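Here are my notes on this one, point by point. Have the model open while you read.

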Amino acid sequence: MTATASLHPSPETQGRSRLWNVFWLQGVIPSNILWAVALWALANQRTTLVLATFAVLLLYTGWIIPAVWRAAPTARTPNLGVAARGLTVAWGLNTVLVIFFLTLQLVAQ
């Protein structure tokens, strides 16, 4: 890929967000912030805030997985797109499972 080619998106990626932006700025950073809020609320026994954050995390997870999937073809290396898809799906599954088990723990108290 030449320097000029990287400045002009190909027809199949035209109109899509760049993978690094979607993965890091819209995916990793906000997700970690949401988890930090959830864990803080859990540690301080703010049950309503915990459950609200869990709801936001589930909605957010349902949004970020397809967003990364659509942005994956914009990666400079195809393997990075595959890795981003795999990591995002794994993170999403982990989010759903952790929320499920933490909610069970909250209900049992």
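1. Let me start with a helix pair. α2 and α3 pack at an angle of about 165°, with axes 10 Å apart; the axes are lines fitted to C-alpha atoms, for helices over the stretch in contact, and angles run from 0 to 180 degrees between N-to-C directions. The two helices, α2 and α3, are therefore roughly antiparallel (angles under 35 degrees count as roughly parallel, over 145 as roughly antiparallel, 65 to 115 as roughly perpendicular and the rest as oblique). α2 passes α3 in a left-handed crossing, that is, the near helix is turned anticlockwise from the far one by less than a right angle, clockwise being right-handed. By class, the α2 contact with α3 has 22 nonpolar, four polar and no charged residues. For the classes, Ala, Val, Leu, Ile, Met, Phe, Trp, Tyr, Cys and Pro are nonpolar, Asp, Glu, Lys and Arg charged, and the others, Gly among them, polar.

2. Some housekeeping. This is a predicted model, where local features need pLDDT of at least 70 and side-chain atom pairs count only at pLDDT 80 or more, while totals for chains, interfaces and linings use all residues. Residues are numbered from 1 along each chain as its sequence is written, and side-chain values use heavy atoms, with hydrogens and water left out.

3. The overall layout is quick to give. The chain has four helices and zero strands, and from the N terminus on its elements run α-α-α-α. Helices (H or I, at least four residues) and strands (E, at least two) are DSSP runs, numbered from the N terminus. Of the 109 residues, 28% count as buried; buried means under 20% relative accessible area, exposed over 50%, and partly exposed in between, with a 1.4 Å probe and protein chains only. Among contacts between residues at least 6 apart in sequence, 68% join residues at least 24 apart, a contact being heavy atoms within 4.5 Å.

4. How do α2 and α4 run relative to each other, parallel or antiparallel? The axes of α2 and helix α4 (residues 78–108) come within 12 Å and cross at roughly 15°. That makes α2 roughly parallel to α4. Their crossing is left-handed. From α2 the contact takes in Leu19, Phe23, Ser31, Asn32, Trp35 and Leu42, and from α4 residues including Leu80, Gly81, Trp91, Val98 and Leu106. Sorted by class, the α2 contact with α4 has twelve nonpolar, five polar and no charged residues.

5. Now α3 against α4. Their axes come within 10 Å and cross at roughly 165°, so α3 and α4 are roughly antiparallel to each other. This crossing, of α3 and α4, is left-handed. Among the residues that make the contact are Val50, Phe54, Ile64 and Trp69 of α3, with Ala84, Arg85, Gly92 and Ile99 of α4. By class, the contact of α3 with α4 has 15 nonpolar, five polar and one charged residues.

6. Have a look at serine 31. It lies in helix α2 and counts as buried, at 2% relative accessibility. Leaving out residues up to four places away in sequence, serine 31 touches Leu57, Tyr60 and Trp91.

7. On the aromatics, the count comes to four pairs. Rings of Phe, Tyr and Trp (its six-membered ring) pair if their centres lie within 6.5 Å; planes under 30 degrees apart count as stacked, over 60 as edge-to-face and the rest as tilted. One of the pairs is phenylalanine 23 with tryptophan 24, whose ring centres are 5.1 Å apart and planes at 85°, so this pair is edge-to-face. Phenylalanine 23 is buried at 14% relative accessibility, whereas tryptophan 24 is partly exposed at 47%. Another is tryptophan 35 with phenylalanine 54, with ring centres 6.1 Å apart and planes at 55°, so that pair is tilted. It links distant parts of the chain, tryptophan 35 being in helix α2 (residues 19–43) and phenylalanine 54 in helix α3, 19 residues apart. Tryptophan 35 is buried at 11% relative accessible area, and phenylalanine 54 is buried at 3%.

8. Finally, alanine 67. This residue sits in helix α3 (residues 47–71) and is buried, with a relative accessible area of 8%. Alanine 67 and arginine 85 are 18 residues apart in sequence and 9.7 Å apart in space, C-alpha to C-alpha.
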